[in-house]
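Please give me a guided tour of this structure. I have it open in a viewer and would like to know what to select next and what is there.

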Amino acid sequence: MSARTLDRIRTIEEAARLIREGAVTSVELVAASLERIESLDPLLGAFVFVARESALAQAESLDRELSTGRHRGPLHGVPLAVKDFIGMRDAPFRVGCLAGPEAPAHVDSSAVRMLRDAGAVVVGKTTAHPYVTREDELDARTRNPRNPWDPSRSPGGSSSGAGVSVAAGMVLGGLGTDTTGSVRAPAAYNGHTGLSTTSGLVSKSGVVQLAPTLDNVGPMARSSLSCALLLDALVPLAEKAGSLSYEAALTGDLTGVRIGVPVEFFYTVSSLDPDVRAATILAIKVLEESGATISEVALPHAAEARSAACLIALAEASQHHRRRFAEKWPEYGSITRLLFAAGALLSAADLAAINRFRQAFQEHLHQTFAEVDAIVTPAMLAPATKPAAPDLASFVTSPDFYGQWSLAGLPALVVPSGLNGEGMPIATQIVSDRFSEATLLRIGDAYQRRTDWHLQLPGRHPAAA
Amino acid sequence: MTEQGDLAHVRTHLAATGIRLDDEELAQVAAIATAVRHELAQIRSATVEPTAVAADHVPTLVPTDGR
């Protein structure tokens with residue numbers, strides 16, 4: 001057993017089966033995970049904290065439990081990681097910049113506690129781009145994670161380290177937080193599956209907030225099934241909207257599922273890479289072959305919806321962190337400082353106007369989801385590029401395909417759907433109505449039963465191959 | 001939103017929130033603010049407010065050709 005084990009065991013479901021059958025122990029899996037982190041992290045910068053000793057001790061304890069007949073479920077003994085924003089007992093809290101809370105958390109966040117109760121071994125906390133900045137903050141004072149497919153390219157953000165650690169096979173899954181794409185962008189850029197959950201579905205207790213009306217905690221893993229297993233541990237039974245478990249919803253059959261395609265903007269915006277567009281259209285054909293019906297839907301003002309989410313994020317983040325500004329201002333990242341300052345300039349009347357638009361947009365989507373069960377869009381404008389000096393105004397004005405759903409509080413799943421000519425991941429996004437994660441995961445799983453993009457490993461860098 | 005290009009206003013407004021910027025940062029924030037003002041105008045023009053103010057009258061999206 002070595003780090004190479006995690007090349008062969010790529011999903012939580014596969015690890016769960018092998019642990020249950022006694023073919024592998026939790027100690028072996030966790031040791032392989034730690035070995036891989038030790039080997040790759042100096043290059044990839046995915047971790048801010050590794051709980052080596054306590055992870056191995058927990059794995060030993062879980063192996064002993066199993067030997068006495070107690071099996072906690074599919075996460076029993078599986079190594080995971082969580083974004084630095086998510087509190088983990090005795091682990092430092094940096095949140096991607098020097099202005100983060102200095103003291104380690106005294107207790108686990110609710111999400112980490114629920115994962116541990118389900119038997120998961122949380123091996124560490126992962127790097128995050130500072131607060132609101134999803135793109136690379138060129139701040140030498142903080143550790144910037146790198147894309148395992150090509151370390152010279154962006155890993156997306158802000159749940160960057162969690163995405164990198166999953167894609168490079170350091171862990172089998174993890175948790176990120178998503179405000180306007182922070183789970184989905186790393187999933188898309190690093191070539192794995194990521195779920196931005198319905199606002200309020202997963203507890204945010206013990207999680208550092210950015211924009212409270214947009215933030216959510218979401219699972220990140222190679223497959224939709226792995227994400228379903230993580231979500232099953234994170235959501236109490238009573239909250240599952242009629243499903244006994246998300247795993248049980250994954251039938252592989254999409255008969256009766258109605259999928260809408262919002263062509264305008266999402267498939268026509270001029271900065272959309274042709275390879276990404278083509279891969280998403282191919283993905284829709286796979287869904288149709290799986291039994292889904294496809295139709296075009298109208299979704300006006302998608303660009304404005306993205307901007308509205310961005311402005312709400314800036315205003316809420318600025319207000320949420322206001323008390324810390326006076327004492328910590330120089331310690332916020334350089335880009336974060338400027339964006340938060342711009343957010344502080346928005347007036348109450350501005351926010352009222354944005355929220356009126358938000359209400360109208362949500363109502364339009366509510367009507368749309370009476371006609372279709374899910375919407376499919378590209379998950380990126382283009383595959384990961386090399387970081388460039390940021391144009392801060394474009395942070396507000398550039399189109400993307402994430403903020404629309406954040407604005408409406410809807411869940412969205414990103415699944416890998418190809419590689420471009422340079423070998424970089426391409427991804428597709430599936431969106432559904434509030435609390436319809438079971439539908440999303442069912443669609444993502446059906447797609448992944450017929451494709452293997454989610455199982456591809458980074459091959460360009462020898463250390464990650 | 002504070003007025004575009006009014007750097008003194010931006011500086012005063014931000015100082016009241018505990019944010020102190022040097023001149024270079026102030027110019028960058030003013031540039032972001034200009035973009036924000038443009039997006040705000042787009043957002044406002046995309047929303048139709050109801051003519052009545054009763055609770056069951058809600059804003060709607062402005063229809064767009066082909067969308």
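This is a predicted model: local features need pLDDT of at least 70, side-chain atom pairs count only at pLDDT 80 or more; totals for chains, interfaces and linings use all residues.

Start where chain A meets chain B: across this interface there are five residue pairs in polar contact, with both residues at pLDDT 80 or more. Coloured by class, the side of chain A that touches chain B shows 25 nonpolar, six polar and six charged residues.

Next, select the whole contact, with 37 residues from chain A and 36 residues from chain B. The two chains bury about 3200 Å² between them, and 71% of that is on carbon and sulfur atoms. Within chain A, pick A:His301, A:Leu338 and A:Leu345, which lose the most area to chain B and together make up 21% of what that side buries.

Stay at the interface for its charged pairs. Three salt bridges cross between chain A and chain B. For one of them, show the side chains of B:Glu25 and A:Arg337, which meet at 3.3 Å, N to O. B:Glu25 lies in helix α2 (residues 23-45) of chain B and A:Arg337 in helix α12 of chain A, so this pair joins two chains. Both B:Glu25 and A:Arg337 are buried.

Chain B has two helices and two strands, and from the N terminus on they run α-α-β-β. Of its 67 residues, 36% count as buried. The accessible surface of chain B comes to about 3800 Å², with 54% of it belonging to carbon and sulfur atoms. Among the contacts in chain B with a separation of 6 or more, 22% are between residues 24 or more positions apart.

Bring chain A back and turn to the salt bridges elsewhere. How many salt bridges does a search of the whole structure find over all chains? The search finds 17. Select A:Asp84 and A:Lys125, whose closest N and O atoms are 3.1 Å apart in a salt bridge. A:Asp84 sits in the loop between β2 (79-83) and α5 (110-117) of chain A, while A:Lys125 is in strand β3 (residues 121-126), 41 residues apart. Are these two residues buried or exposed? Both A:Asp84 and A:Lys125 are buried.

Another salt bridge to select is A:Glu422 with A:Arg153, the closest N and O atoms being 3.4 Å apart. These residues are 269 residues apart, with A:Glu422 in the loop between β10 and β11 (425-432) and A:Arg153 in the loop between β3 and α6 (160-167) of chain A. A:Glu422 is partly exposed at 42% relative accessibility, whereas A:Arg153 is buried, with a relative accessible area of 10%.

For the last stop, select A:Leu419, which is in strand β10 (residues 412-419) of chain A. A:Leu419 is partly exposed, its relative accessible area being 31%. Leaving out residues up to four places away in sequence, A:Leu419 touches A:Trp149, A:Met424, A:Pro425, A:Ile426 and A:Trp453. To finish, draw a distance from A:Leu419 to A:Arg116: the two are 303 residues apart in sequence and 35 Å apart in space, C-alpha to C-alpha.

Technical notes: Residues are numbered from 1 along each chain as its sequence is written. Chains are lettered from A and ligands numbered from 1 in the order in which they are written. Side-chain values use heavy atoms; hydrogens and water are left out. Contact means heavy atoms within 4.5 Å. Buried area is the accessible area (1.4 Å probe) that two parts lose on being put together, summed over both. A salt bridge is a side-chain nitrogen of Lys or Arg within 4 Å of a carboxyl oxygen of Asp or Glu. A polar contact is a pair of N or O atoms within 3.5 Å; within protein, one must be able to donate a hydrogen and the other to accept it, and residues adjacent in sequence count only if both atoms are side-chain atoms. Ala, Val, Leu, Ile, Met, Phe, Trp, Tyr, Cys and Pro count as nonpolar, Asp, Glu, Lys and Arg as charged, and the others, Gly among them, as polar. Helices (H or I, at least four residues) and strands (E, at least two) are DSSP runs, numbered from the N terminus. Buried means under 20% relative accessible area, exposed over 50%, partly exposed in between (1.4 Å probe, protein chains only). Accessible areas come from the Shrake-Rupley method with a 1.4 Å probe; for residues, only the protein chains shown count as cover.
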